[in-house]
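Please look at the sequence and the model below before reading on.

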Amino acid sequence: MTLAVKIIRQQKKIALVGSPTSAAALRAGHERAPGALRAAGLADRLKTAGFEVADLGDTATYISQPDDEHPRAKNVSAILKSLNDLRPRVEVAVKSGALPVILSGDCISVLAIIAGARRYFRNVSLIYVDRDADLNVPATTPSGCIDGMVISQVIGRGAPELVRFWGEPPLVREPDIALFGFERLDQPEEKYLAASPLRRHSALEVSKLGGAAAARLALERVRAAKHEFVLHFDVDTIKGEEFGWTNFPGAGGLALNEVRDALREFAGQPNLAAINVAGYNPELDPDGQGARVLIDLLVNVLSTRLGTESSEAATDAVAAAFVPVPVASEAPHSEPESAPDNAVDSSPSSEPPAEPDSINS
């Protein structure tokens, strides 16, 4: 149910929320991300940039475990608990008027973030910045990894326990979702996407247009000037040579500057309801270099909300902090047992027509 509460946005306020979970992933480590980013000074950096920062703490910790009882939807019970822990914290953050910045391990946390935003906003769109489309379902996944099914859950066709998390699915209508920067698709995902009204901006398209121009097009297609929207950012979107501190960096991906330019465009929008930052694994970052690069990126991106002076300074910090790191190529996080040889351009030659405007419940 959407409450009739007027939200007064505070551009200079950020509410940090931690969701320390790796339950939806195939290995542990993601759950340490919120603590690692705090320890590396994220809040202080945001304050120095000019923000007022309220830290609303963390949910309980949920760690990836073997789950032979649910081979097609692993750790689904723990994931549901994690979502139910996170949702009320997001609601508090949204109601405060601050921008909720959720430091998450798993991509699936975006379900709770959208649900928390929909407590107060009638229509909520989704910009999904991720190298994977995450369109598998229990019937098509060989791994059972829930993080490979996130968009399916959002549109109401995934694991029943998670589809029911929002009482009246879909959580977001397909025409109000933009997949941004993806290049890894399993065959069932390609087949579904071919007939879907999901907006799509492949990594190839983003590189061709430029990050900022592609972002503006994505915002237009999900009607972000009219709807509130949630921004999801999985760090594996960045090419592995520039950010290797994630479970499945691999070859390909978008350049750091392309991701930065796109995220700056998204973050500067007045209707941005919340940001989810997922996929960073501190276990792969023993010297903390990845945390520093990620914090520099986030401060740069968020500073667009304050004006050009702060954001330009943050841009210089990102450039100064970047040091290339060697990474081993791995399969995508969603389906490691059937690594697709796809770095495909799945952008349609013409955009599917938008559906009539309606409440997306």
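## A crossover and its handedness

A crossover is called right-handed if, with the strands pointing away from the viewer, the path from the first strand over the helix to the second runs clockwise. In this model, which is predicted, strand S5, helix H7 (residues 187-194) and strand S6 form a β-α-β unit that is right-handed.

The two strands of that unit, S5 (residues 177-182) and S6, run parallel and are joined by 4 bridges; Ala-178 has Arg-199 in S6 as its bridge partner.

## The sheet as a whole

Strands of a sheet pair through backbone hydrogen bonds, either parallel or antiparallel. Here an open sheet of 8 strands shows parallel pairing, in the order S2-S1-S3-S8-S7-S4-S5-S6. Its edge strands, each pairing on one side only, are S2 (52-58) and S6 (199-202), and from one strand to the next the twist averages 15°.

Elsewhere in the sheet, strand S7 (residues 228-234) runs parallel to strand S8 (residues 272-278), with 6 bridges between them, and Phe-229 stands opposite Leu-272 in S8.

## Helices and covered faces

Helix H2 (residues 42-49) lies across S1 (13-19), S2 and S3 (99-104), running at about 170° to S1. Helix H11 (residues 289-302), in turn, lies across S1, S3, S7 and S8, and runs at about 170° to S8.

In a regular strand the side chains alternate between the two faces of the sheet. Strand S6 is covered on both faces, with Arg-199 and His-201 buried on one side and Arg-200 and Ser-202 buried on the other.

Conventions: Residues numbered from 1 in each chain as written. Predicted model: local features only at pLDDT ≥ 70, side-chain atom pairs only at ≥ 80, totals over all residues. Heavy atoms only, no water. Pairing = 2+ DSSP bridges. Axes fitted to C-alpha atoms, helices over the stretch in contact; angles between N-to-C directions. Contact = heavy atoms within 4.5 Å. Buried < 20%, exposed > 50% of the residue type's maximum accessible area, 1.4 Å probe, protein only.
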